[in-house]
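Trainee: Please give me a close reading of a single part of the structure shown here. I should also like to know how far such a reading may be taken.

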Amino acid sequence: MKSKVEIALEDVIMIKKVIEKTQQDFSRISSFFLWIGIINFLVFILEQISYYIRNIMGLLSSAYMALEKICIVFPIIAYIVCFLYFRKKIIGNHNDISNGMLKVWGIILIGSYIFKYLYIMLLPSTEIDFVNGLWRCSELIIFLPIIFGHFMTAILTKSRLLIIVTCIENLIFFALFTSMREVSYGTLGGIGTRVSLSSAFVRIVMILGMILLGIYLKKRGSSIHGNKYDTGSISN
Amino acid sequence: MEINTIPEAFQTKLRIAIMSALITGERTFKELKLFTESTDGNLGAQLSKLDNLGYLTIRKEFINRKPQTTYSLTHKGITEFKEYVYMLENLLRDSGYY
């Protein structure tokens, strides 16, 4: 027969384990990344529509100009709405890791987007190589904070896989950035435009990368809830 | 709280696990099931027991047209659970574990 002290010790260990599990639950924050991916996918579709209109109706058409403005404003509003919604959803859970992750990503996504917008506003619109180089640097304003965010997420979730993936992502981006190669973009209904390969890669990371990160965090949360802590006895 | 006067709520491991999961914030039924590794039936029974004892607040709503039940601890639940943990700590301290 177990003594009272042994039972008390078992209970204390179990309480600590359950609380620890609640702290490592990323299921709520995972949806945030899925939504960021969806928002960027919607921006991609809006961009394609705007290029289609430009190809059909010309650069000065009012529909194209309106859509171009929507493509700038929509992501920032969507990011803010998404951030506030998930902040409200997560704040009641006292999950420090998820809370920290949301704050870091909120600052990264909203801050870098506003900063990039202000940076572009300051650039003169000429075809000089130096100015083109400065235009290309605007990609770095978006991508470098994202790399930082991915590393922070990997550290907070103690995920080695995420660190490796982020390093590979980093290497691919800088290889593409320095290669200076371009691809056709927005070719629906016409010739569209040309964007750098690194810029196309940033779009892929913002859509597919974010969706995959969301799915990974959801799965990782489930695996942590598994038998790692041997909690089968709890339900007895 | 004394070892001989432990409330009914803390006399099974599953109920203690539920209280531990809820002490850090509100949880859905699905989340509680994952945290406690219990079956639907057992978890439902223990949750309704805790509810009857006045330890839980239950919120039912529809999310994406699906019903979702969210549980959180009442003031009484939080206070008594904290007292229970202090009692366990004192017992272990007196026995020389801490």
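Mentor: With 11 C-beta neighbours inside 10 Å, A:Met180 counts as exposed; the term applies to 12 or fewer other C-beta atoms within 10 Å, whereas 20 or more make a residue buried and values in between make it partly exposed, with C-beta atoms placed from the backbone. The model is predicted, so local features are reported at a pLDDT of at least 70 and side-chain atom pairs only at 80 or more, while totals for chains, interfaces and linings use all residues. Residues are numbered from 1 along each chain as its sequence is written, and chains are lettered from A and ligands numbered from 1 in the order in which they are written.

The backbone at A:Met180 deserves attention: phi is positive, about 60°, although the residue is not a glycine. Most residues other than glycine have a negative phi. A:Met180 sits in the loop between α6 and β1 (182-185) of chain A; here helices (H or I, at least four residues) and strands (E, at least two) are DSSP runs numbered from the N terminus.

A:Lys158 is exposed, because 11 other C-beta atoms lie within 10 Å.

Chain B as a whole has four helices and three strands, in the order α-β-α-α-β-β-α from the N terminus. Its C-alpha atoms fill a box of roughly 55 × 25 × 20 Å along the principal axes. Of its 98 residues, 36% are buried. Among its contacts (C-beta atoms, placed from the backbone, within 7 Å) with a separation of 6 or more, 52% join residues 24 or more positions apart.

As to confidence, chain B averages a pLDDT of 86, and 94% of the residues score at least 70; pLDDT is the predictor's confidence in each residue, from 0 to 100. For the complex, the predictor gives an ipTM of 0.84 and a pTM of 0.73. Where pLDDT is low, the predicted coordinates should not be read in detail.

Terms used. Two residues are in contact if their C-beta atoms, placed from the backbone, lie within 7 Å.
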